[in-house]
Amino acid sequence: MYRYASLPDSGERIAVADGRLVVPDRPILPFIEGDGTGRDIWRAAVRVFDAAVAKAYGDRRRVAWMEVFAGQKSFDRFQTWLPDETVEAFREFRVGIKGPLTTPIGGGIRSLNVALRKALDLYVCLRPVRYFDGVPSPVRRPQDVDMVIFRENTEDLYTGIEFEAGSEAALAFTAWLRQAQPQEFAKLRFPETAGIGVKPISREGTERLVRAAIRWALDNRRRSVTLVHKGNIMKYTEGAFRAWGYALAEREFADRVYTWRQWEATKETRGEAEANAEQEAALRSGKLLVKDVIADIAFQQTITRAADFDVIATMNLNGDYLSDALAAQVGGIGIAPGGNINYETGHAVFEATHGTAPKYADQDVVNPGSVILSGEMMFRYLGWSEAADRIRRGMEGAIAARTVTYDFHRLMQGATKVKCSEFGDAVIAHM
């Protein structure tokens, strides 16, 4: 079946039963090494993963790694950026991990990462952001940052529906708009030279994202879910996201959540004092608070009032900006993990969130923290929490001991600079 990849000698497929993953003790997990510095960070990370599993479970559990190909390595070997069998491997074995990939130049696939997400309908981009003690930060209270972002992965401007300025498609679109919707056409300042982008936000896409965020928050005993949107301006897309999100929360989780929309309704009928008392009673009883905030205000408040935010649910573009901005508060994208998940089918691809940094490739110097922490997410998703805890403990210990790669070393007083591979050793030593 596989032309380029090789199945491991042993191992079993992950299955799904009654909506839950069934993970064998020897799961086959496909991985993409990654381009550029991906080679360095994968070599360090896979040793961390295997050590964590061994320390947590002894010989009882082990990962059967299966290398699959994408990006520059795939193109150089097989003259294809993303072989069909790579997508099929992630589909067949359900859960895997990847390093950073080169984006092809000059047509074809716009983004290999986006192509994988679309092929497997990985509608949640999950980005946890938390502070590790000792990491240099540009903010006063980085320890207040402990957020999990649920970024919608399949809609919004990232669907790629764009018409180049002056192209036949753009002119046809503006001609249609002029005839069918003259009032809307009048809003185009320079229609003849405008590039056009289409921004779809659907009820179904919104509901499955918000549902996943609320379930995760409840399962992990979180305090709140915040819907981040720009609905005050884009009323029928981002405003609809807010409205559909609240409706889903109140319809499917009525006995477990309290929403700001309920607060607003009580305020209107019985006054603000009654609304405040109702909310306080709901939170005292253990209900999850579902609230919302305008996107530009969220960027300000996640810096000035980070402790007010817990789980965030938002659309594709907002989530892209916000996850990287939050990562900057806790050490940068170099240690920011991520996962792309379909909670309905169980498929998930975890990934380093940074680029390939080719000028540092094969020098054994970069920080492998992003892919290591993505592996921590992966093991937690598999239900191997003991292994995930070992990885987190190892990261915390290595950083607290100021045994760090060059990116942190240049910002930390009294730190010891180590290579990428040596940082992996330090993580293992602190498990």
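Select the residues lining the largest cavity of this predicted model: by class, they comprise two nonpolar, four polar and four charged residues. The selection consists of Val114, Arg117, Lys118, Arg151, Asn153, Thr154, Glu155, Tyr158, Thr159 and Asn316. The space inside amounts to about 50 Å³. To see which element gives the most to this lining, colour helix α4 (residues 112–119), which supplies three residues. The model holds three cavities of 30 Å³ or more.

Now display the strands. An open sheet of 11 strands, with mixed pairing, can be followed in the order β4-β3-β5-β15-β14-β6-β7-β13-β10-β12-β11. Its edges are β4 (64–67) and β11 (257–259), each of which pairs on one side only. Viewed from strand to strand, the twist averages 25 degrees. In general, the strands of a sheet pair through backbone hydrogen bonds, in either a parallel or an antiparallel manner.

Within the sheet, select β7 (residues 146–152) and β13 (residues 311–314). These two strands run parallel and are joined by four bridges. To locate one of the bridges, pick phenylalanine 150, whose partner in β13 is alanine 313.

How do the axes of α8 and α9 cross? The axes of α8 (residues 238–252) and α9 (residues 260–270) come within 9 Å and cross at roughly 90 degrees. Angles of 65 to 115 degrees count as roughly perpendicular, so α8 is roughly perpendicular to α9.

Show the side chains where the two helices meet. On α8, select Arg242, Ala243, Tyr246, Ala247 and Glu250; on α9, their counterparts are Trp260, Arg261, Gln262 and Glu264. The residues of this contact comprise four nonpolar, one polar and four charged.

Conventions. Residues numbered from 1 in each chain as written. Predicted model: local features only at pLDDT ≥ 70, side-chain atom pairs only at ≥ 80, totals over all residues. Heavy atoms only, no water. Axes fitted to C-alpha atoms, helices over the stretch in contact; angles between N-to-C directions. Parallel < 35°, antiparallel > 145°, perpendicular 65-115°, else oblique. Contact = heavy atoms within 4.5 Å. Nonpolar A, V, L, I, M, F, W, Y, C, P; charged D, E, K, R; others polar. Pairing = 2+ DSSP bridges. 1 Å grid on protein atoms, 1.4 Å probe; cavity = no way out; pocket = protein on both sides within 12 Å on 5 of 7 lines; lining within 4 Å. Points joined across faces, edges and corners; volume = space filled by probe spheres on them.
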